[in-house]
Amino acid sequence: MALTGLEIFKQLPKTNCKDCGHPTCLAFAMALASGKTSLDKCPHISEEAKETLGAASAPPIALVKVGTGDSVVELGDETELFRHDKRFYHPTAIAVLVEDTENIADRVAEINDLNFDRVGLHYEIDMVALQCVSGNVDTFKAAAEQVAANTNKAMVLICEDVAVMEAAATAVADRKPLLYAATNDNYEAMTALAQKLECPLAVKGNGLDNLAELVDKITKLGYKELVLDSGNRETSQVLADLTQIRRLAVRKRFRTFGYPAMTFTSKDDPHEEVVQASVYVAKYAGLVVVKASKKEEILPLLTWRQNLYTDPQKPIQVEAKAVAIGDVTPDSPVYITTNFSLTYYIVEGEVESSKIPAYIVPVNTDGISVLTAWAAGKLTGEAIAKALEENDMESKVNHKTLVLPGYVAVLSGSTEEATGWKVLVGPREAAGITKFARENFA
Amino acid sequence: MAFSAMKEKYSSQVHTVVLGATKEEGGTRDYTITVGGEGALPFLHFEGEVPHRPVVALEVWDVVPEWHESLAPYFGDVYNDPAAWAKKCVMEYNADLVVLRLKGADPDVADASPEDCAKVVKDVLAAVGCPLIVLGCGNPEKDSKVLPAVAEATSGEKLLIGVADQENYKSITAACIVHNHNIIAGSPIDINICKQLNILITEMNLPADRIVIDPTTAALGYGLEYGYSIMERARIGALQGDKMLAMPIICNVGHEVWRSKEANASSEDYPAWGDQANRSILWEATTAAALLQAGANILIMRHPKALALVKQNIEELMVPTSFDD
Amino acid sequence: MDKVTVLFTPDNVAVQVEPGTSLLQAAGLAGISLVSSCGGDGTCGRCLVKVEDGHVRVAETGNLSKKAKQSGLVLACQSFVESNVVIGIPSMSRLTEHQVLLDENQLMEEDIGTDEGFFFRPLCRVVELTLSPPTLAENVADWERLQTALRNVIDCSDIRISLPVLRRLPELLRTDDWRVTVIVAQMNDCAEVVDIAAGHVQKELNLYGLAIDIGTTTVAINLIDLKSGLPVGQKGSYNRQASFGDDVISRIIHASEASGGLPELQSAVISTINDLVAELLQLSNIDAHDVRMVTVAGNTTMTHLFLGLSPKYIRLEPYIPLAASTPAVRASELGLNINPAAYVVCFPSVASYVGGDIVAGTLVTNLAQEERIILLIDIGTNGEMVLGNKDWLVTAACSAGPAFEGGGITFGMRAMKGAIDKIKVDPATFDVQVSTVGRCKAQGICGSGLINCLATLRAVGIIDRTGKLQTDLSTPRLRQGDDGWEFVLVYGNDTAHGRDIVITEHDIKNLMRAKAAVYAGIRSMLQAVQLTEDMIDCVLIAGGFGNCLNIRDAITIGLLPDLPTEKYRFIGNSSLKGARLALISQQAWQEAQLLGSKMTYLELSAGNEFMDEFMSALFLPHTDMTRFPSVTNLK
Ligand code: SF4
């Protein structure tokens with residue numbers, strides 16, 4: 001179990017010497033409890049405390065890296081069960097499956113092309129998973145080499161025959177592929193291979209109980225760069241397995257399951273596959289291997305992953321871009337607000353229901369509300385001037401009057417000065433907008 | 001055992017809400033649908049009961065909708081006949097139930113009178129035997145006239161009527177109490193307002209097991225995660241004993257998804273995003289699948305193929321799982 | 001049974017009452033308002049009166065201190081008249097406007113800790129010395145000779161002197177055969193001889209100090225006799241900076257953006273203080289020259305402005321003050337009209353929004369010595385709070401806004417004469433009865449009145465749990481005003497100014513936000529240290545507003561956690577008390593310096609936990625009603 005700030009604090013020197021960069025020992029303890037600092041930052045901690053705290057503050061799930069250079073994929077190192085508790089850190093990696101008997105170059109080119117731009121973000125497939133269906137050492141090796149030659153993406157090599165795996169893995173070992181998988185039958189040799197090549201190793205169990213046994217055996221052999229697969233493939237069972245692995249690691253600090261988890265989709269229909277994979281992205285998979293490889297299939301999946309892994313602690317912001325509500329004309333009024341999404345949407349809703357077309361200009365205040373932004377000096381005459389200018393409002397409307405939120409009526413003077421626009425002080429609460437608009441603009 | 005499964009002990013479960021009433025129960029439905037009741041996080045059968053699977057509904061409008069052309073092959077022939085449309089949703093596309101959106105009531109659309117709206121609802125009820133969800137036009141003033149009229153005209157049917165928000169909940173709640181319907185309590189992606197509205201409504205004496213909540217969910221790529229997290233929090237709250245968060249959740253998936261660029265942008269204009277028809281279906285299905293993982297109980301879909309995918313997903317997720325102790 | 005007579009002194013007002021009437025009621029009949037924040041429950045221990053002649057039946061002594069009991073004090077609400085009596089009313093038990101600013105009476109002497117732990121040793125004191133005269137063999141210079149003598153008396157090796165005093169030294173030493181009286185200022189590890197007189201004249205010498213609390217809204221001053229440690233007088237008034245804005249943010253903006261803004265604000269507060277000091281000195285006939293030490297406690301911005309330091313970056317992310325601890329300065333450097341060489345020291349701040357006033361409050365309440373977990377809250381504009389015990393202390397500011405001080409409320413005012421402090425609403429007719437401070441015509445509503453209003457309006461259903469006026473109720477008191485919907489509390493013919501006193505929906509929103517901020521602050525702080533509300537052993541309420549607050553009302557609206565009311569205590573203006581304590585105890589002053597660095601500041605604006613808590617507190621009493629069982633069980 002994770003320790004609370006106060007529990008950690010009890011073990012610290014309590015001298016408030018500030019050597020750790022925190023103003024007090026308690027501040028350090030709270031930062032440590034929330035994973036924002038590390039134990040070694042306090043030079044005065046006793047050996048005894050180091051031991052107890054060290055165990056408790058170690059990350060519950062190991063970070064495992066697959067691939068090299070810019071294409072390295074980081075799996076694991078998660079600390080939460082629910083994103084709202086803090087956040088998820090390392091987005092589920094998506095690997096597209098290629099069989100060693102296919103035309104590798106074509107398939108890899110297709111996968112390389114799975115990259116997307118939307119709302120200013122770039123998404124792409126992380127990995128290529130190469131599966132040995134030939135059973136042939138040379139075919140698999142050649143295919144691995146070809147994948148490596150055709151993409152920088154991280155690789156998963158799928159083959160349970162150690163001899164076949166060895167040839168391919170050795171050939172592309174410098175790319176640090178994930179070796180899939182150590183099983184009940186091959187784990188000793190497969191672990192030795194992974195150890196030798198210093199490649200991460202997937203462990204495939206036959207259900208969670210067997211997986212746990214296997215992991216313990218492998219870690220006893222001294223290897224800890226692991227990725228866990230329960231071996232199950234039915235949607236609800238995989239969901240249960242992934243949930244157990246994450247829960248036990250995070251809540252119980254169960255070391256055996258303290259590694260990223262992976263799974264495969266089992267559906268043949270690509271649409272069904274995408275839906276199935278979305279379940280695993282939502283619930284704790286570090287890596288999902290899919291067969292679907294069309295753009296329209298992969299884009300929704302990557303978008304879902306991007307959504308889920310955003311930082312919920314950041315205030316929800318809207319783009320600081322002027323929005324036209326209704327059929328605006330050059331005579332339409334201009335409302336100023338902030339880019340805090342809650343504030344913005346309330347204003348938007350009220351402007352909409354006033355039935356008087358208008359522009360809303362959200363000023364970039366780093367997503368904080370009107371009053372707070374004013375207090376923190378983020379909503380100022382200059383900031384408003386900048387927003388008007390960036391949105392080229394002067395050419396959008398033929399007047400120079402803006403509506404300032406009533407709460408910051410004090411900004412009227414500085415706003416008129418900075419913008420050259422006339423300020424009309426609006427209502428304090430958005431709820432007053434309809435009445436205000438009808439009185440002023442109808 | 002090399003590991004022992006961790007099963008949360010929850011003190012409570014999600015309320016169950018019964019949609020529709022049969023003849024014996026004072027309505028005219030062929031069957032009723034029960035939602036909610038789960039005593040575990042979504043589909044974690046190993047630690048609690050999931051007695052009722054989530055259900056999927058298809059949308060029917062009272063006016064011809066200006067929907068994307070790729071939906072026309074499925075509904076184009078019935079766009080101007082809500083009753084036939086509803087029938088098609090159930091018979092042909094296997095929707096568990098139908099959502100009738102009274103868009104025509106909007107003063108800016110057709111400004112249909114409360115009586116006209118009530119009539120459409122009755123027509124649809126006559127055409128299908130499934131329970132019915134009725135949504136207003138979204139104009140709070142008009143809805144607070146239309147929805148009570150609908151409630152009265154369909155007294156005893158146990159419709160699911162919405163959406164009531166903080167502004168207009170009183171008239172809709174009162175109508176639901178008198179005429180024995182269920183209510184949808186809507187809140188703007190805010191768990192506190194969600195809960196506050198539930199308190200206000202139950203304090204008017206509508207029992208908690210007649211409320212379904214709409215926490216407002218965005219489409220995939222448009223802030224889906226905010227609603228997702230709010231739903232997760234609400235479910236955890238419900239399981240931990242918070243009765244005022246324990247209502248089944250309804251999500252307006254189709255409506256949100258089909259406002260997104262990804263559902264609508266043509267394959268020609270956005271070749272890098274792939275085929276529009278498939279993309280839109282998956283956009284809708286993926287949004288729904290994500291929301292199921294957060295605890296959705298009723299999903300309002302638009303595309304029949306997306307509905308089929310989601311139904312399939314629900315079926316797979318309803319397969320029981322267990323871990324030995 | 002015959003009526004009996006109760007004579008109140010020093011008012012000399014007599015009333016006839018039935019035997020069995022409580023002294024609190026009798027006082028009310030006599031037109032004397034007593035302080036009673038618990039409303040006569042015997043729990044607040046504030047309606048103290050003295051039985052000067054005759055007997056009363058005492059039902060309860062409440063939490064009266066031993067000292068108080070010995071001196072014949074009883075709780076007026078728990079004492080019942082049986083025969084003719086004479087009752088003395090100490091000024092501290094009277095509800096007057098003074099109370100707003102100075103409520104010395106809140107704490108019994110033992111509470112402020114001078115007799116537990118802190119030694120009486122003022123920051124400036126008088127010492128009589130007899131030096132051994134120099135000889136040819138023992139020819140140490142005069143100043144060094146004085147230092148040696150002084151070192152034996154005061155525990156300090158670094159002793160300094162100013163040039164003008166030094167110049168006078170040789171003659172003074174020799175005037176009365178090497179017997180002198182010196183005035184020494186001593187802070188931290190350094191002492192300074194600030195004046196010397198010939199002979200042993202401690203008795204004739206006067207030495208005074210000022211303890212000052214600079215609040216955003218008000219300034220309060222204690223004039224202390226530093227020879228005895230006893231207060232000579234106290235005064236308070238509005239901070240003249242108020243004309244530049246109600247809250248610290250407006251002041252910071254004025255200081256950093258208006259040209260000449262900073263000196264303007266500095267001189268506003270200095271002139272506020274000078275005027276108060278002049279009055280105090282005149283009243284007690286004390287020479288300004290004899291005031292030689294000043295301790296100042298104020299929030300971070302106030303301390304900056306007092307010293308003329310720019311507060312600009314306090315407001316801007318990441319909210320950094322110019323200085324947490326500030327150097328001692330001379331009165332002349334600030335323009336204070338006291339002895340120009342007097343030292344002025346300010347309490348250290350913890351962070352931008354947790355200042356020296358909170359450090360002073362923490363000091364005086366002995367919070368950092370407690371085993372128990374204590375929560376100290378100042379329900380003012382900044383809403384500062386401290387949580388902890390002897391092992392740890394966390395602090396935060398929740399920026400509640402000025403609503404509880406009457407700011408931003410249509411008819412808001414401070415708890416002065418004419419302020420509505422309680423209302424009663426008939427649940428059937430919605431007729432309203434109000435009680436006012438001083439029992440005169442209503443002028444406005446004070447903070448505790450506003451809180452009571454919120455609780456009462458909710459109880460009778462005039463507002464719903466979100467604070468919305470239920471406009472469908474049929475009463476003419478609910479109407480559309482200039483600012484939207486409003487509810488009439490008192491019609492114009494019953495008010496002091498002839499206007500209707502109303503509470504608007506907007507006012508209610510402001511109050512909701514203020515109460516939500518305070519409660520959210522408490523929750524966030526508890527969460528940061530992973531404690532729950534019930535683990536708090538005691539809640540201390542500080543601030544000018546705090547003392548008139550009805551705890552039940554505050555819990556009912558969800559402003560304060562639902563803890564047994566016995567856990568709550570009012571400590572009045574703890575900032576001023578802390579300043580006074582430090583003035584008369586070097587040890588306390590030193591402790592204050594330590595406290596400043598011991599407190600862990602939590603920035604509530606980081607992360608969205610506070611926001612989340614805030615949103616859920618925007619409901620009556622709270623979205624999570626299980627947190628207020630005593631309120632919800634009433635239903
Ligand atoms: S370095 Fe260690 S002892 Fe010093 S303040 Fe930080 S935690 Fe405390």
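In the predicted model, C:T395 has C:Y601 as its bridge partner in strand β29 of chain C. This contact belongs to the parallel pairing of β20(C) with β29(C), the latter spanning residues 600–601, and the two strands are joined over two bridges. On β20(C), a second pairing involves strand β19 of chain C (residues 384–388), which runs antiparallel to β20(C) and is connected to it by five bridges. Within this pairing, C:A396 is the bridge partner of C:M385.

Strand β20 of chain C, residues 393–397, is mostly covered, with five of its five residues buried. In a regular strand, side chains alternate between the two faces of the sheet. Both faces of β20(C) are covered: C:V394 and C:A396 are buried on one side, and C:L393, C:T395 and C:A397 are buried on the other.

The cysteines were examined next. No disulfide is found in the whole structure, over all chains. For B:C130, the closest cysteine sulfur is that of B:C89, at 8.7 Å, which is too far for a bond because a disulfide requires sulfur atoms within 2.5 Å. B:C251 is likewise in no disulfide, and the nearest cysteine sulfur, in B:C194, lies 11 Å away. B:C130 counts as buried, at 1% relative accessibility, and B:C251 is buried with a relative accessible area of 0%.

In chain A, the domain assignment comprises domain 1 (5–57), domain 2 (63–308) and domain 3 (323–441). The centres of domain 1 and domain 3 of chain A, taken over C-alpha atoms, are separated by 47 Å.

Terms used:
Residues numbered from 1 in each chain as written. Chains lettered and ligands numbered in written order. Predicted model: local features only at pLDDT ≥ 70, side-chain atom pairs only at ≥ 80, totals over all residues. Heavy atoms only, no water. Domains from an automatic or database assignment. Buried < 20%, exposed > 50% of the residue type's maximum accessible area, 1.4 Å probe, protein only. Helix = DSSP H or I, 4+ residues; strand = E, 2+ residues; numbered from the N terminus. Pairing = 2+ DSSP bridges.
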